[in-house]
Amino acid sequence: LGGLVYYFQVLKDDTNSLTDGKDWQRSFAIEEPSIIETIFISKLNGLQIKLTRDGQAWRVNDKYMVNPNVMKTLMNAVTEIELQRTPIAKESKNIVKNLAANGTNVKYFDKEGNVVKAYFLGGADLEGTGTEILMEGSKQPYIVNVPYFQGVLSVRFNRPEIEWRDRAVFRLDPNNIESVSIEYPKQKSKSFRLSKEGGDFFVEQYFDLTGKGKKKVNSNKADQYLQEFDLKIAEAIENDYTGRDSILATVPFCKMELKMNNQEFKRVSFYDIKSRYASGKLKSEAAERFLCMIEPQDDFVMVQLGVFKDILRPYDYF
């Protein structure tokens with residue numbers, strides 16, 4: 001970042017030419033995004049984001065999976081960004097000053113660690129229809145946009161870590177699920193464990209209240225249930241939730257554990273949230289949302305009952 005400041009100090013020199021006629025300095029789009037392995041995004045205000053390809057998905061800062069929709073929006077800008085116009089000399093100098101103070105440095109690297117492309121993104125131009133940009137190593141800024149997009153492109157890059165994160169509680173291949181256990185502490189008779197043994201499915205009560213043992217489950221019904229774990233998205237990540245410790249000290253609505261064929265597991269505890277009036281009086285005993293503790297990620301998220309109701313089944317469902 002210190003080098004970024006020095007770079008712009010050099011550009012501010014009035015003796016620098018604002019046009020050199022080189023095509024590379026206005027060729028911003030990356031037509032083959034598959035060659036990109038890593039993307040670095042940084043600003044002088046401290047923002048530092050590292051996006052790394054992980055198979056077909058991406059990770060942010062080597063810690064979390066990236067929201068596929070957010071990444072799709074970013075890659076649309078990366079591949080579709082195009083030159084809108086070349087600003088006049090006076091406007092160019094102001095753009096350079098703006099980039100020096102608030103610019104976003106974006107660098108793209110391939111698998112070998114070579115820089116594929118690097119540029120500085122700024123805010124909206126004077127007309128409000130394009131985005132300021134300057135290729136790293138160039139002295140000539142430009143105005144760019146993406147076809148059919150109205151807005152500033154830099155907002156697609158200037159996201160804090162939490163906004164890059166995938167909000168999926170479950171994003172699983174149903175065929176890799178070995179078992180699902182759900183414990184309802186306040187409704188023990190509804191608790192169950194569904195398991196796959198060979199090509200068959202079996203269900204049993206989580207608490208052996210009746211001595212029924214395992215019973216075979218219709219394969220179509222079991223498959224249909226497991227398909228629900230293909231994708232379940234949280235409404236929000238709430239790791240900084242003020243009352244987190246207090247909520248975790250209460251009895252959860254249910255505890256869910258999934259075991260996978262590769263020995264990995266995921267545990268999710270659901271704590272119901274009941275709607276209240278401004279006076280504090282309950283609107284209804286029925287919960288519309290849950291706060292969930294996810295392990296082993298140690299994430300705290302908010303989910304909607306309407307989204308998760310199809311996996312919160314009772315023993316009698318099978």
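In which loop does Pro296 lie? In this predicted model, local features need pLDDT of at least 70 and side-chain atom pairs count only at pLDDT 80 or more, while totals for chains, interfaces and linings use all residues. Residues are numbered from 1 along each chain as its sequence is written, and side-chain values use heavy atoms, with hydrogens and water left out.

Pro296 sits in the loop between β19 (289-295) and β20 (299-304); strands (E, at least two residues) are DSSP runs numbered from the N terminus. The peptide bond leading from Glu295 to Pro296 is cis, and its omega is near 10 degrees. Asp298 belongs to the loop between β19 and β20. Although Asp298 is not a glycine, its phi is positive, at about 65 degrees. Asp298 is partly exposed, with a relative accessible area of 44% (buried means under 20%, exposed over 50%, partly exposed in between, with a 1.4 Å probe and protein chains only). A positive phi, of about 55 degrees, is also found at Asn61, again not a glycine; Asn61 is placed in the loop between β3 (57-60) and β4 (64-65).

Now to the interior. A nonpolar core is a set of buried Ala, Val, Leu, Ile, Met, Phe, Trp, Tyr and Cys residues joined through side-chain atoms within 4.5 Å. The largest such core has 35 residues, of which Phe170, Tyr225, Phe229 and Phe270 touch the most other members. Strand β17 (residues 254-260) gives the most to this core, namely four residues. Beyond its neighbours within four places in sequence, Phe229 is in contact (heavy atoms within 4.5 Å) with residues including Phe170, Leu172, Met256 and Ile311. A second, separate core holds 30 residues, among them Phe28, Met135, Val146 and Leu153.
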